[in-house]
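Have a look at the sequence and structure first.

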Amino acid sequence: MKRGCKYGTHRVLEPQGVLPQPAVKISNDMEIYDNEILIDVIALNIDSASFTQIEEEQGKDVEKIKKRILEIVNERGKMQNPVTGSGGMLIGIVEKIGSALIGKTDLKIGDKIATLVSLSLTPLRIDEIIDVKPEIDRVEIKGKAILFESGIYAKLPEDMDETLALAALDVAGAPAQTAKLVKPGQSVLILGAAGKSGMLCCYEAMKRVGPTGRVIGLVRSEKDKERLESLGLCHRIIVADAQKPVEVLNKTLEANDGKEVDISINCVNVSNTEMSSILPVKDEGIVYFFSMATSFTKAALGAEGVGKDVTMIIGNGYTKGHAEITLQELRENEKLRRVFEEMYAK
């Protein structure tokens, strides 16, 4: 077997010299190098921002969505939406392990895993799209993928359905980062609080702020508000358009006794929500952009334009222990787990 770079640069076709994620095209030849793992893919979980963009672009026509996904993978060798730049994750079964990784990984042939690295850098070949489930951003396929030596993964747990585990692991970075950022007594605004990552972040924030803190969830409909209220995931819930920053600011101030919040966490899946995340945060506060629909140019220039001295954090999908933290949330909260099963484990 040939030896490859642990970060996968040996797979980059164009432009040369870059890592697989920013590359325009990578090799999806499934003959593995000695430090790669071959995966027999069962399903892709396209990230929410990417799937929403493709779905709207194709008029919500499932056959056109299938065609567009195949076009992207055939052009790029990976599932990286050229508009959002993002990908998602996959589940599959370990088919082959490179010789250099024998004894260095806890994986064995036949293990069912979820990759915790983005599809935007994962060599992928789709042989057939079996089904598309727009309501959960899931694409069931026959195909193969490569996990690099540096790639992270999680073995699927035995105490929950694989679709439930995948739904949570798909956004594991958000609640785990929330656990690191939020401190007792703080006020926290979560935009997109009724979505998959939003609900998990709300639950984690509620744990972290303690009895003297406040978690404010922003949702887009009364139906979403009712769901969050029934789950008890926020202290206050506001209904507002995340693309209207002044509206968001005013409703946040109203919900927080006239004060700006310490932290905002953006979990929405649409564009132009940067200023709604920045405006309600006090100077020297934190803005965490988990949403892959974020324009960091708009965020940086927008914060400057309104004179906001805030620390802005890019939503890294990985932080140590993120898979364990996120799955544990579903084990701890039976109501939250039931909602995830109803909404995402289909």
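Asn 45, Ile 136, Arg 138, Thr 163, Leu 166, Ala 167, Lys 196 and Tyr 344 line the largest cavity, which holds about 50 Å³ of space. This is a predicted model, where local features need pLDDT of at least 70 and side-chain atom pairs count only at pLDDT 80 or more, while totals for chains, interfaces and linings use all residues. Residues are numbered from 1 along each chain as its sequence is written, and side-chain values use heavy atoms, with hydrogens and water left out.

**The cavity**

- Grid points are joined across faces, edges and corners, and a volume is the space filled by probe spheres set on the points.
- By this rule there is one cavity of 30 Å³ or more.
- Helix H3 gives the largest share of the lining of the largest cavity, with three residues; helices (H or I, at least four residues) and strands (E, at least two) are DSSP runs numbered from the N terminus.
- That lining splits into four nonpolar, two polar and two charged residues. Here Ala, Val, Leu, Ile, Met, Phe, Trp, Tyr, Cys and Pro count as nonpolar, Asp, Glu, Lys and Arg as charged, and the others, Gly among them, as polar.

**The second largest pocket**

- Domain 1 (9-156) and domain 2 (172-345) each supply at least three lining residues, with bounds from an automatic or database domain assignment.

**Helix packing**

- H3 (residues 162-169) and H10 (residues 322-332) have axes that come within 9 Å and cross at roughly 125°. Axes are lines fitted to C-alpha atoms, for helices over the stretch in contact, and angles run from 0 to 180 degrees between N-to-C directions.
- H1 and H2 pack at about 120°, their axes 9 Å apart.

- Most residues other than glycine have a negative phi, and most peptide bonds are trans.
- Lys 60, in the loop between helix H1 (48-57) and helix H2 (62-76), has a positive phi, near 60°.
- The peptide bond from Glu 14 to Pro 15 is cis, with omega near -10°, and Pro 15 sits in the loop between strand E1 (12-14) and strand E2 (25-26).

How values were computed:
1 Å grid on protein atoms, 1.4 Å probe; cavity = no way out; pocket = protein on both sides within 12 Å on 5 of 7 lines; lining within 4 Å.
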